[in-house]
Amino acid sequence: MTSALLLATVMAAEVAAPVQVEVADLPAIMAAVKAPGAAAVLVNVWATWCEPCREEMPDLVRFYREHRAQGLRMVLVSADDEDQRAQVARVLAGLRFDGAAFIKRGDDMAFIDALDPSWKGSLPATFLFDGRGARTQSWHGLVTYDDLRAGVSGLLDKGKKPKKPQTKPRRE
Amino acid sequence: MKLASLVSAVAIVAGAAGAWAAESTGGLALGTKAPDAAAKTKMKNVDGKMLSIADVAGKSGTLVVFTCNHCPFAKDWEQRIVELANTYAGKGIGVVLVNANDPTTHPEDGYEEMQTRAKSRGMKVPYVVDATSGVARAFGASVTPEAFLFDKAGKLAYHGTIDDNRKEADKVKVRYLKDALDAVVAGKAPAVPETKGLGCGIKFRS
């Protein structure tokens, strides 16, 4: 096998890595958000057809990858229809996301208020919780890498260094 | 500064502050009237005529729904919105559907597509362009679809989503907007005056 072919095979394997997407109702989603063991939890609500959501997602996933060693957990909640599960998984596999991924099922209002009563339900939206499950910050609309970095400051395990960024943050 | 200029400058600042307050609290407060400037803003209807929310106000109440063409949430609810709009327009409710999205970023939300949708969906009520997104901003609207229902006194009686099941119309348990419309037509306060639903963020013009 040539090195080029080997590289292509490895890359294809990475892209094709399966992502588990669970169709879940509010209690299961909030259990994943508030489960003990994380220093901070980022929750992002998105949809595959939502352009701004797709725009910010690479930064979100990169931020998660660079900070999970410091105790950051990420929970992605898609507002796609349940029959779009394969498409949701494909998008997340393309980003090599390996955190918790859900498609939301059930009442919108309870879901919105559980994440943030001041949120009106527009996509995308991102919420930051501390390790005790208390919400510390919300972004209704696009969030940037710098927003996230400022948000988690003080929450993550300072004894561990963040993984060196792979590329320069897009919105600096 | 002349007095007239000062007065208009103060009015502009007050108007901006009002719009900000509406957005920061998640929209107009229940019991308040639509901001006067927004209610009188002329908007282009799909039939080419210019009209304002004040122009369409009904004797029993007025329903303003911020919606659009491209958003999957708005599409899922579209037929139900049109049915409610057409039905209650015949019951003394003035109805207007408002598209505040910027078609330069979302071409599907352009005027011609609005005309096509109005025809294909059988809209019997105005579907207008909020050309600066200023009406949506003044209302504190943030998603599509988002409904604001005013009673016959012009006070906000209901604000929120359409019903409790966007995807499956036959599985709806609570018809929030329809119940609110029935209450307002009867001169009563809706039992559930505020709701929320997931939706596409309004693509405000900059």
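Modeller: pLDDT is the predictor's confidence in each residue, from 0 to 100. Residues are numbered from 1 along each chain as its sequence is written, while chains are lettered from A and ligands numbered from 1 in the order in which they are written. This is a predicted model, in which local features need pLDDT of at least 70, side-chain atom pairs count only at pLDDT 80 or more, and totals for chains, interfaces and linings use all residues; side-chain values use heavy atoms, leaving out hydrogens and water.

Chain A has an average pLDDT of 87, and 81% of its residues score at least 70. Over residues 167-172 of chain A, however, pLDDT stays under 50, and the model has 15 contacts (heavy atoms within 4.5 Å) beyond four places in sequence for them. Where pLDDT is low, the predicted coordinates should not be read in detail.

To answer your question, 19 residues of chain A and 24 residues of chain B take part in the contact. Together the chains bury about 1,600 Å², 57% of it on carbon and sulfur atoms; buried area is the accessible area (1.4 Å probe) that two parts lose on being put together, summed over both. Of the area that chain A buries against chain B, 42% is supplied by Trp49(A), Met109(A) and Lys120(A), more than by any other three residues.

Four salt bridges are counted between chain A and chain B, a salt bridge being a side-chain nitrogen of Lys or Arg within 4 Å of a carboxyl oxygen of Asp or Glu. In one salt bridge, the side chain of Asp81(A) meets that of Lys167(B) at 2.8 Å, N to O. Side chains of opposite charge can pair when their charged atoms come close.

Helices (H or I, at least four residues) and strands (E, at least two) are DSSP runs, numbered from the N terminus. On the side of chain A that touches chain B, the elements giving two or more residues are α3 (51-67), α5 (108-115) and β5 (122-123). The largest share, five residues, comes from α5(A).

The strand β5(A) pairs with β9 (residues 199-201) of chain B in the parallel sense over two bridges; two strands pair if DSSP finds at least two bridges between them. Leu123(A) has Cys200(B) of β9(B) as its bridge partner.

Within α3 of chain A, Glu66(A) and Arg62(A) are separated by about one helical turn because they lie four residues apart. These two residues form a salt bridge, their closest N and O atoms being 3.6 Å apart.
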